[in-house]
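Student: I would like to go through this model with you, one question at a time. Please show it first.

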Amino acid sequence: MTVWSTSNPSGSVTVNVLDIIPGTSVDGPGLRTAIYLAGCSHACPGCQNPGSWDPAGGRSMTVAEIVGIVSENEFPVTLTGGDPLFHPEATGRLVEALRGAGVSSVWLYTGYTFEQILDHQRLLDAVRGVDVIVDGPFRSELRDPSLSFRGSANQRIILLPESLAAGRPCLWQPPTVDF
Ligand code: SF4
């Protein structure tokens, strides 16, 4: 597994950010701020954004700078990329800071499966504080445009605290709407 993170001498964690989009509706329910972190080692055939694989892409930002932008509105947050777990220490610090700033909900997209995260303490530490992960690599043979918030049928939308408590994946279900 390839991972990457860096800290400057003052201890402010930095991570390369490709984009921050407030108010998007495609990376989870409702309007959310999507943070696109650079870096991914999964190399899924058919990946729609191979330009996100380079961890040196985008621009280096401190966690404090990112949280400052997110705090300009009250949207919940989705961390995506790339794979935020390419650099688990930085992502863990970012999640911690987002929760500390009062962000109401954090979703995280990763090419790792829930089971792989359970087996790697560094990944597990990074997702504490995350509400929902969308897990697994994109598999082009299972691509299904009808799926909500994911590209292929192997990917799961997993309620993380509930799943960690149960030791098995508990799937998120979209809220039902009464008419
Ligand atoms: S995990 Fe996501 S960003 Fe990484 S190669 Fe797969 S589809 Fe692309």
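Student: Which residue in β3 does Val17 stand opposite?

Tutor: This is a predicted model, in which local features need pLDDT of at least 70, side-chain atom pairs count only at pLDDT 80 or more, and totals for chains, interfaces and linings use all residues. Residues are numbered from 1 along each chain as its sequence is written. Strands are DSSP runs of E with at least two residues, and helices are runs of H or I with at least four, numbered from the N terminus. β2 (residues 13-24) pairs with β3 (residues 32-37) in the antiparallel sense over five bridges, where two strands pair if DSSP finds at least two bridges between them. In β3, Val17 stands opposite Leu37.

Student: What is the bridge partner of Val17 in β4?

Tutor: Strand β2 is also joined to strand β4 (residues 59-62), and the two run antiparallel with four bridges. In β4, the partner of Val17 is Arg59.

Student: In what order do the elements of the chain run from the N terminus on?

Tutor: The chain has five helices and eight strands. From the N terminus on, the order is β-β-β-β-α-β-α-β-α-α-β-β-α.

Student: Why is the chain said to be as compact as a globular protein of that length?

Tutor: The globule rule, 2.2 Å times the number of residues to the power 0.38, is set against a radius of gyration taken over C-alpha atoms. For 179 residues the rule gives 16 Å, and the chain is close to that, so it is as compact as a globular protein of that length, with a radius of gyration of 15 Å.

Student: Is Trp107 buried or exposed?

Tutor: Trp107 lies in strand β6 (residues 106-109). A residue is buried if 20 or more other C-beta atoms, placed from the backbone, lie within 10 Å of its own, exposed if 12 or fewer, and partly exposed in between. Trp107 has 23 such atoms within 10 Å, so it is buried.

Student: Leaving aside neighbours within four places in sequence, which residues is Trp107 in contact with?

Tutor: Contact requires C-beta atoms, placed from the backbone, within 7 Å. With neighbours within four places in sequence left aside, the contacts of Trp107 are Asp27, Gly28, Thr78, Asp131, Val132 and Val134.

Student: How many residues surround the ligand, and which are the closest?

Tutor: A residue counts as near if its C-beta atom, placed from the backbone, lies within 6 Å of the molecule. There are 13 such residues around the ligand, and the closest are Cys40, Cys44, Cys47, Gly111 and Phe138.

Methods:
Contact = placed C-beta atoms within 7 Å.
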